[in-house]
Amino acid sequence: MSKLLPVRGTHDLIGENFRLQNHVIKSARFVAEIFGYEPIETPIFESTDVYQRTLGETSDIVNKEMYTFKDKGGDSLTLRPEGTAGIARAVISGGLQDNTPLKWYYSGPMFRHERPQKGRLRQFHQFGAELIGVADPVADIEVISMATEFLRDLDLLSEVKLQLNTLGDLQSRKTYRETLINYLSDYKDELSEESQIRLTRNPLRILDSKDINDKKIISGAPSFHNFLTPEADLFFKNMCSGLEDLGIEYSSNPYLVRGLDYYCHTTFEFISDKLGAQGTLLAGGRYDGLIPMMGGQSIPGVGWAAGIERICMLIQKPIEEPRAICVIGLGKLGEQEAAKIALKLRQSKFKTELIYKGGLKRGLRRANKIGAVAAILIGENELTNNIVTVRNLDNGSQTEVGFSELDSHLAIYDSATLITD
RNA sequence: GUGGCUGUAGCUCAGUUGGUUAGAGCGCCUGAUUGUGGUUCAGGAGGCCGUGGGUUCAAAUCCCAUCAGCCACCCCA
């Protein structure tokens, strides 16, 4: 047993797992490009206050989950725990506030110091999309529609459910917050320990408590939707009907409360029941207050982020990769020729595996192990006759082919072996 | 940060009420085939039984501690 292990909550991404993640990210990029979004990459760490100011003083992310450190100049820096705050910072830093709408997508690692469990890591990957500068619900609709198409392309739409809620505008939230505290105070002693703390810090979050008793109390609570200002109510209704027009199925969950402070109006989550306790695989909402909160102009935004690892957990079928052609040279001259042929194949974009050493048997065994479609054999016979032997590894048939006809002969394997992107 | 479960070969796991050289399957290596893979057969390598302490004539097995992993709470993608 080695003592050299990856840091808790991190792991190495190798082979199939890596390919699967790449596949998911590739699908997401593809959809984002189709929707007219542009790629952006912000740094993996930011000044600590980028997150501290925006995520909310009461959020757990700020309170206990951030990887914060001082650099050699004494500045407090933080490994990004999520993507949106950094994007908002980039809007301001880049002087892009007059260039709206900004339509961006990003992907990369995020860091949170949490206790790892199923679907929860300390370094994990997100893909996200942001639409900045559009106050109308068309933006919310587009962004949700994009998430839907992303999941459809991955064949996951039947596995997930879309839940929607509105947090209203500031006015709505303020009124409701008071009403809720009023209501819950009567039950204060019956609430779970955690919810009693939430009551003073962030009462809205009691709404999505998992505690059975809390749920009972909440079911009698006044409904948020009755406290929406007419504007907020209209916003939500317009968005819902827009989703319906696009044939997007959703259910309304009045208890869906996002954890981060900058959300307002729309919140949504795509949820699966196959992921254990961490059922949310893609979530987002509207954050009109974020950029002004950071000192920028009053620019609205909507967006979402998807947990790549969580999405990967739902994908069962293996990713199809091109199969290789193996080039096996025998003897010194054979090996030299093999290297030349391998390069030619590679220049023709065939996935090519050059066998470095060992005899024919070893070479073929390796070819079989990596699932190659064919092996090209170059030994004494071939060298003296200026040919190569092409062995079809699926049926064992062999063909002798002249050097010049090799490319055209291999065309029969094109669909299996060519690397196209 | 709190709780529950689990640590035996590269991987997945057996290991009876403590008892002598700790096993299997898969994988790996060699050979049956010195120019022919996948199947088969024969053989081989690989273990401080997570770590440290304790009980005992004797510990993979019982006790304590510690570390790690998983799952859950919390929170979130």
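Helix 13 (360-369) gives the largest share of the surface near RNA strand B, 7 residues. Here a residue is near a strand if one of its heavy atoms lies within 4 Å of it, and helices (H or I, at least four residues) and strands (E, at least two) are DSSP runs numbered from the N terminus. The model is a predicted one, so to speak of local features takes a pLDDT of at least 70 and to count side-chain atom pairs a pLDDT of 80 or more, while totals for chains, interfaces and linings use all residues. Residues are numbered from 1 along each chain as its sequence is written, chains are lettered from A and ligands numbered from 1 in the order in which they are written, and side-chain values use heavy atoms, with hydrogens and water left out.

Back to the RNA. In total, 49 residues surround RNA strand B, and the closest are Arg112, Arg115, Arg120, Arg198 and Leu393. Of the RNA atoms that come within 4 Å of the protein, 54% belong to sugar and phosphate. Sorted by class, this surface has 23 charged, 13 polar and 13 nonpolar residues. In that sorting, Asp, Glu, Lys and Arg count as charged, Ala, Val, Leu, Ile, Met, Phe, Trp, Tyr, Cys and Pro as nonpolar, and the others, Gly among them, as polar.

Some polar contacts (pairs of N or O atoms within 3.5 Å; within protein, one must be able to donate a hydrogen and the other to accept it, and residues adjacent in sequence count only if both atoms are side-chain atoms) can be picked out. Arg310 places a polar side-chain atom 2.8 Å from a base oxygen of RNA strand B. Leu121 uses its backbone instead, with an N or O atom 3.5 Å from a base nitrogen. For Arg362, an N or O atom of the side chain is 3.5 Å from a phosphate oxygen of the RNA. Two or more residues of the surface near RNA strand B come from each of these elements: helix 3 (60-65), strand 6 (123-132), helix 7 (193-201), strand 10 (280-286), strand 11 (301-307), helix 13 and helix 14 (380-385).

Next come the charged pairs within the protein. Side chains of opposite charge can pair when their charged atoms come close. With a salt bridge taken as a side-chain nitrogen of Lys or Arg within 4 Å of a carboxyl oxygen of Asp or Glu, the count comes to 13. One of them joins Glu321 and Arg19, at 3.1 Å from N to O. Glu321 sits in the loop between helix 11 (308-314) and strand 12 (325-329) and Arg19 in helix 1 (residues 15-34), so this pair ties together parts that are 302 residues apart in sequence. Both ends are partly exposed, Glu321 at 34% relative accessibility and Arg19 at 36%; buried means under 20% relative accessible area, exposed over 50%, and partly exposed in between (1.4 Å probe, protein chains only).

Asp140 and Arg286 also meet in a salt bridge, 2.7 Å from N to O. This pair links distant parts of the chain, with Asp140 in helix 5 (residues 137-153) and Arg286 in strand 10, 146 residues apart. Asp140 is buried at 1% relative accessibility, and Arg286 is buried at 0%. Together with Asp288, the two are linked in a network of salt bridges. Another salt bridge pairs Glu337 with Lys340, whose closest N and O atoms are 3.8 Å apart. These two both lie in helix 12, 3 residues apart, or about one turn of the helix. Glu337 is buried at 16%, whereas Lys340 is exposed at 54%.

A few backbone details round out the picture. Thr100 and Pro101 are joined by a cis peptide bond, with omega about 0°, and Pro101 lies in the loop between helix 4 (84-93) and strand 5 (102-111). His265, in strand 9 (residues 264-271), has a phi near 50°, a positive value in a residue other than glycine; His265 is also buried, at 10% relative accessibility. Lys349 has a positive phi as well, near 70°, and is found in the loop between helix 12 (331-347) and strand 13 (352-354).
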